[in-house]
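Dear colleague,

Please find below the structure that I am handing over to you. My notes on what was found in it follow directly after.

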Amino acid sequence: MPMLSLWVSAPQHDYFDEELLLKPLPSGHVYAYFQFTTLWDVQFEASSFQHCHLFPRALGEIISRYNVQELHISLTEGLWRHETWGYPVHDAAPGAELWTWFKEGTENIDKTWKELTGALSGLLCVSLNFIDTSNSLNPEFTFQPTGVVSSTSVNSSYLRYATLPREIVCTENLTPWKKLLPCDAKKGLSTLLNAGYIHNTNYHSLGLHMRPVCRSSPSLEELNPEIEVGTLQHLSSSYLSLIECAIEKIPNIDMKMSWSPVLLKVKPISILKVIIKTWNHGFQHLQNTNCSQMSMELRQTVSLVYDMVILGTGNQDWSIKKLFGIGLSGACPLATMSNVYIDTTLNETGASFQLNPIPPAVITSIRGGYESKFAVYDIKALDIEGMFNIAAFYSSPRVYGVNLPPVLHANRYIVGYGQEHGGIVTKLHNGHWKALDIIYLENIPWFIPIYLHTLKIVSNGMEIKPLLKRYIPGKARTRPYYLEVVLRLPPRSMTEISIDFDYVFLKWQEYPPDANHGFYIGAAVITAMLPVGRNYTGLPQDGSTITSRKMKVLDKEQLLYMLEELLYDSTLLSQDYYSEMNSLNHTTWLKECLIPNLPPSSIVVQGSALNHSVSDIFKGSAWLAELV
């Protein structure tokens with residue numbers, strides 16, 4: 001008797017986007033950034049990874065088995081030149097870098113961490129199995145979660161961070177990395193990742209970033225406007241630099257929080273209440289009370305920097321075919337979005353170029369007071385026959401612009417001579433006109449003992465005392481030296497951090513291969529809230545794709561929300577205004593803080609009465625009251 005079998009599949013609520021950003025740099029280099037984003041609307045449970053559609057099951061099984069809450073991996077060859085190139089989308093240290101947040105309640109973190117690194121080592125064909133407790137840290141302030149967390153308090157005991165600065169990135173890492181993509185390297189933007197054209201760049205970095213995100217953002221009506229001082233509340237991130245520029249010190253703040261780099265925001269209750277967001281509670285932390293459902297976000301990234309002189313083109317002209325050795329045959333069939341972005345901002349300030357074919361659309365992004373323009377090519381909407389190519393032709397050959405360094409950049413080096421004593425010197429450059437709070441982290445191997453009493457922090461000839469300091473001495477073959485310092489860098493200054501160390505004798509089997517190279521020390525990590533967006537290419541922390549940089553048209557509720565953030569209390573004193581607000585100080589603040597950070601078509605409402613409510617202010621303007 002014949003039998004009929006029916007198989008019904010449940011709908012998969014997952015999405016895959018592929019994007020490529022090409023940015024000509026003032027130095028003549030070309031920065032190429034690939035991002036492949038998988039967003040899966042699923043509960044963050046172990047059973048969810050048994051049935052995967054677009055999300056790579058091999059990675060999902062590792063995440064569920066070892067109770068991973070958030071995972072960040074980078075494999076990098078070369079050194080990113082911040083002073084010349086600005087900030088990349090994802091910053092990464094040379095070699096292999098791994099930091100992970102485990103779920104609350106995970107037992108025996110060190111054992112789970114060791115097993116996780118072994119599993120990831122096999123998945124990506126990288127020597128992460130050499131990571132153990134002897135080279136791992138759990139920093140208290142650095143590497144806070146970037147995704148949604150279940151509680152407002154963060155326990156750093158569930159965090160692990162380690163680096164392998166000697167790790168070499170090569171083809172055997174790229175191949176398994178591409179196998180995690182839904183289309184592998186057979187279709188879409190991933191076909192451009194040709195190993196022969198990737199590993200001859202000045203800088204290349206592979207990244208894998210997984211985090212839980214809020215499935216839907218809370219509406220403005222859900223946000224409670226009646227907030228007391230110190231209450232955590234999410235505000236729009238578009239005007240962080242404006243509010244930080246306006247207010248630095250607020251009276252009557254709990255001094256226990258004074259160590260933390262704080263971002264102060266203003267929102268009226270009568271006319272003004274101050275809301276404080278500390279570094280310990282990241283952007284996504286503020287959404288946990290309003291986030292009812294979460295999604296899984298996986299971002300696979302590739303960062304490349306090409307030197308057109310090394311490529312031998314003879315001029316600055318570049319194209320997709322020149323950079324990657326092949327054209328684009330089409331989008332990945334499983335992708336919801338497949339876009340190519342060309343940063344054309346330098347056309348207005350540096351050597352101008354023309355794009356061929358002409359871009360169908362141009363978008364504008366305003367972040368931190370700086371405007372960027374991007375030409376957009378929607379690959380899925382294009383009728384591609386054969387190979388699609390985008391080329392840039394410069395009007396004049398070899399004309400390089402003068403690059404203004406970013407607000408914060410650093411360099412460091414080894415001092416001393418002989419085989420007995422030495423030192424590490426780090427120079428931090430703050431080019432901003434106001435003080436800047438930073439967190440400085442060092443992960444020093446156990447075989448290079450450092451001495452805390454030799455730590456010196458000097459700026460402009462004056463010694464600076466750190467706001468907060470964490471130090472755990474290393475132990476031979478057991479744990480590294482942990483140093484974490486919170487500093488306030490003076491305006492327009494160069495701050496030098498130095499510490500002395502000794503060389504120790506090792507067992508002959510403990511010397512690394514090619515001992516003539518010497519020992520590699522992992523990169524220091526500097527964390528800061530940037531006051532302005534100069535030379536900044538990063539994505540918004542609440543965004544998943546490059547398109548999240550685009551400024552959207554504000555509706556009425558968003559307009560009101562924006563105006564509330566722009567109110568300023570003239571009775572507060574700050575470092576920028578040493579007396580109460582007067583005409584001169586108000587004009588300075590208006591020119592230097594307010595106007596550079598306003599998006600186009602903005603409306604500013606200014607009231608002079610401190611005790612009036614927002615509703616009273618709007619009563620004076622019928623058209624504004626109707627708009628609101």
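Strands β7 and β10 run antiparallel and are joined by 12 bridges; helices (H or I, at least four residues) and strands (E, at least two) are DSSP runs, numbered from the N terminus, and two strands count as paired if DSSP finds at least two bridges between them. Across this pairing, Met210 stands opposite Leu298 in β10. Strand β10 is also joined to β2 by 12 bridges, again antiparallel, and there Leu304 of β10 is the bridge partner of Ala32. Most of β10 is covered, with 13 of its 14 residues buried; buried means under 20% relative accessible area, exposed over 50%, and partly exposed in between (1.4 Å probe, protein chains only).

Please note that this is a predicted model, in which local features need pLDDT of at least 70 and side-chain atom pairs count only at pLDDT 80 or more, while totals for chains, interfaces and linings use all residues. Residues are numbered from 1 along each chain as its sequence is written, and side-chain values use heavy atoms, with hydrogens and water left out.

Strand β7 (residues 203-214) contains His204, which is buried at a relative accessible area of 5%. The side chains of His204 and His199 are joined by a polar contact of 3.3 Å (a pair of N or O atoms within 3.5 Å; within protein, one must be able to donate a hydrogen and the other to accept it, and residues adjacent in sequence count only if both atoms are side-chain atoms). Leaving aside residues up to four places away in sequence, His204 touches several others, among them Leu75, Val169 and Leu304; contact means heavy atoms within 4.5 Å.

Helix α4 (residues 171-178) has Asn173, Leu174, Pro176, Trp177 and Lys178 buried. Their cover includes β2, β3, α3, α5, β7 and β10.

A further part of the model is an open sheet of four strands in the order β22-β23-β19-β25, with antiparallel pairing. Its edge strands are β22 (468-472) and β25 (525-528), each of which pairs on one side only. Strands β19 (residues 436-444) and β25 are paired over four bridges, with Ile438 opposite Ala528 and Ile439 opposite Thr527. In a regular strand the side chains alternate between the two faces of the sheet. In β25, Val525 and Thr527 form a covered face, whereas Ile526 and Ala528 form an uncovered one.

Finally, the structure holds nine salt bridges, each defined as a side-chain nitrogen of Lys or Arg within 4 Å of a carboxyl oxygen of Asp or Glu. One of them joins Asp110 and Arg160 at 3.0 Å, N to O. This pair links distant parts of the chain, since Asp110 is in helix α3 and Arg160 is in strand β6 (residues 159-164), 50 residues apart. Asp110 is partly exposed at 36% relative accessible area, whereas Arg160 is buried at 10%.

Another salt bridge is formed by Asp437 and Arg488, whose closest N and O atoms are 2.7 Å apart. Here Asp437 in strand β19 is linked to Arg488 in strand β23 (residues 481-489), 51 residues away. Asp437 is buried at 13% relative accessibility, and Arg488 is partly exposed at 30%.

Yours sincerely
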